[in-house]
Amino acid sequence: MRVWKERFELLDSTIAPTQTPIELVDQYHDTPRLRESRSFDADEQYWYISFDVVISVLVCCAALLIFYGVYVYTRKHCWRCQRAVEGSEQRQCCHTGKDASRAQRVGLVVWLVIAVVVFAVLTVITQQKLDNTLHNLHGGVNDLGDAFDAIDAQTASLDDIGARTLETSQEIFCVDDSFEKLIMDAAEDFAAAAADAADIAADAAADANKLGSRLKGHGRWLDLALLVLLAFVVLILPCAAYGGLTKSPRLLEHWAARWACFVVACLAVLLAFEFGVLVKVSDFCVAPDANFRDLVDRRIAISSADAELVDYYVSCGGANPLLAPLNNSLAEITFLDDAAALALATGACAPAQSLEELRVLMVAADAQLDSVQTAAACDAVTPIYQDLVHDTLCRKFVRSLNAMGVSHAVVGVALYVFLYAANYVSETILLEAERRDIKAQVGSRNLEDDFRASRDEERTRGEETKEDFSRPSQHYFSGWSVGGSAWTGTDSVT
């Protein structure tokens with residue numbers, strides 16, 4: 001038999017050292033807080049999100065929307081003042097022709113189309129990255145569960161061998177009672193050690209699978225939320241385009257702008273939760289190993305034995321708690337194999353069939369212990385943990401969620417600018433309509449004045465004509481002259 005004890009001592013590990021946090025993690029970790037501490041606390045009710053950051057982002061976004069509301073209210077109730085200050089020509093910043101709002105309406109729709117396209121493209125790209133990260137995160141948790149399931153299966157087989165060893169040893173009787181008792185005690189110690197290792201492995205596998213079940217299904221809710229938000233953003237476009245095409249200030253201001261304001265509010269809420277999660281995950285990733293131990297201990301409520309197992313696989317140092325119960329019985333296992341061989345050779349114990357079976361069981365135990373050590377080795381489990389926590393969570397997840405948050409912030413700013421632009425264009429359309437009404441009124445008033453002037457002139461001429469024809473002698477004779485002088489009617493006729 002080989003020296004068993006050496007097989008359960010960790011000599012050198014090939015595990016890479018813990019990676020340092022990325023710069024993005026340090027930046028989010030340094031985010032100012034209102035009340036919360038920057039250290040990660042697993043005892044908090046919402047340990048996965050920083051509500052200080054959520055409240056701060058929501059307050060800032062709410063202040064911007066309130067400012068927009070005050071802006072709209074002020075301009076609507078100061079319409080005369082606005083017209084007096086801006087003037088008709090000053091508002092035509094893009095075009096000075098008859099249709100002054102055309103360039104503004106085209107620019108507004110183009111701006112909105114660009115915002116919608118950018119939002120759709122960024123959503124698809126960032127969502128795909130985040131989905132891949134979440135898939136890797138779920139896959140890492142599943143791999144961790146599979147690793148502990150493999151350990152559980154190997155220790156269960158070892159436990160079965162221990163039970164069969166105990167049954168076989170009970171069938172053996174020896175001439176020397178003390179020798180028989182030694183065989184029985186060694187078999188009991190081996191069976192108990194195998195059972196303890198199997199219990200620890202079963203509990204660890206159950207806790208690992210419990211962790212995986214808590215993470216399943218959350219990615220679908222995020223996909224649904226992003227799909228609904230994308231639909232909300234797209235719905236702004238037809239309303240704004242139709243309003244710009246038909247020169248309808250009501251559609252632009254009352255429908256497109258108000259719906260865009262609602263979408264901006266939804267983006268603000270989503271953005272607040274994204275950055276809240278980012279800050280809290282960064283707090284975790286500053287010291288991921290210690291925080292992972294604390295999180296598993298507080299949130300999964302593992303046993304003390306499993307807590308020691310977590311410490312071992314996180315640090316990859318010291319004695320493996322899973323194999324420690326087997327160390328006390330290794331000498332007894334070696335003794336069982338040697339005692340069975342001696343009893344067969346000397347005939348000190350019987351029956352021979354049970355002694356042969358005991359030796360076979362020891363060979364099986366030898367092979368099974370090798371499988372247990374391979375499955376439970378630090379190099380078999382710790383790389384999965386490091387890929388799950390250090391690489392996937394603290395690097396890929398932080399980068400993916402940060403990219404999604406930044407894209408939502410960019411689109412939110414674009415839609416916020418659209419709110420002011422939509423109101424400005426609607427006011428330009430109203431001013432154009434007002435100028436057309438004024439011109440129409442002035443034109444009708446001029447026609448009426450011309451008609452009245454011409455009628456008064458004709459009336460004046462009519463009165464003068466009537467006055468002349470009231471004295472026909474003057475009409476007929478005033479212009480006649482005889483001999484160069486006007487005839488007055490008193491001269492004689494010759």
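1. The loop at P351. In this predicted model, P351 sits in the loop that runs between β2 (349-350) and α14 (352-375). The peptide bond joining A350 and P351 is cis, with omega at about -5 degrees.

2. Backbone at K247. K247 is a residue other than glycine with a positive phi, near 55 degrees. K247 belongs to the loop between α8 (236-245) and α9 (249-286). Is K247 buried or partly exposed? The relative accessible area of K247 is 30%, so the residue is partly exposed.

3. Disulfides overall. How many disulfides does the structure hold? There are three disulfides in the structure. A disulfide is a covalent bond between the sulfur atoms of two cysteines. If the bonded cysteines of the chain are numbered in sequence order, they pair as 1-4, 2-6 and 3-5. The next three points take the pairs in turn.

4. C174 and C349. The sulfur atoms of C174 and C349 are 1.9 Å apart, and the two residues form a disulfide. This pair links distant parts of the chain: C174 lies in strand β1 (residues 173-174) and C349 in strand β2, 175 residues apart. The angle about the S-S bond is 100 degrees, and the link of C174 and C349 is right-handed. C174 and C349 are both buried.

5. C285 and C394. A disulfide joins C285 and C394, with 2.1 Å between their sulfur atoms.

6. C316 and C378. The sulfur atoms of C316 and C378 are 1.6 Å apart, and this pair forms a disulfide. Distant parts of the chain are linked here too: C316 is in the loop between α11 (304-315) and α12 (324-327), C378 is in helix α15, and 62 residues separate them. Both C316 and C378 are buried.

7. The cut-off for a disulfide is a pair of cysteine sulfur atoms within 2.5 Å.

8. Negative patch. Which residues form the negative surface patch? D143, D146, D149 and D387 make up this patch. Helix α5 (residues 102-171) supplies the largest share of the patch, three residues. D143 is located in helix α5. With 41% relative accessibility, D143 counts as partly exposed, because buried means under 20% and exposed over 50%.

9. I114 and V411. I114 is also a residue of helix α5. The relative accessibility of I114 is 48%, so I114 counts as partly exposed. Along the chain, I114 and V411 are 297 residues apart, while their C-alpha atoms are separated by 9.7 Å.

Key
Residues numbered from 1 in each chain as written. Predicted model: local features only at pLDDT ≥ 70, side-chain atom pairs only at ≥ 80, totals over all residues. Heavy atoms only, no water. Helix = DSSP H or I, 4+ residues; strand = E, 2+ residues; numbered from the N terminus. Buried < 20%, exposed > 50% of the residue type's maximum accessible area, 1.4 Å probe, protein only. Patch = residues over 30% accessible without salt bridge, like charges linked within 9 Å, V, L, I, M, F, W, Y side chains within 5 Å. Areas by Shrake-Rupley, 256 points an atom, 1.4 Å probe, with all protein chains shown as cover. Salt bridge = Lys/Arg side-chain N within 4 Å of Asp/Glu carboxyl O. Lys, Arg positive; Asp, Glu negative; His and termini not counted. Charge placed at Lys NZ, Arg CZ, Asp CG, Glu CD.
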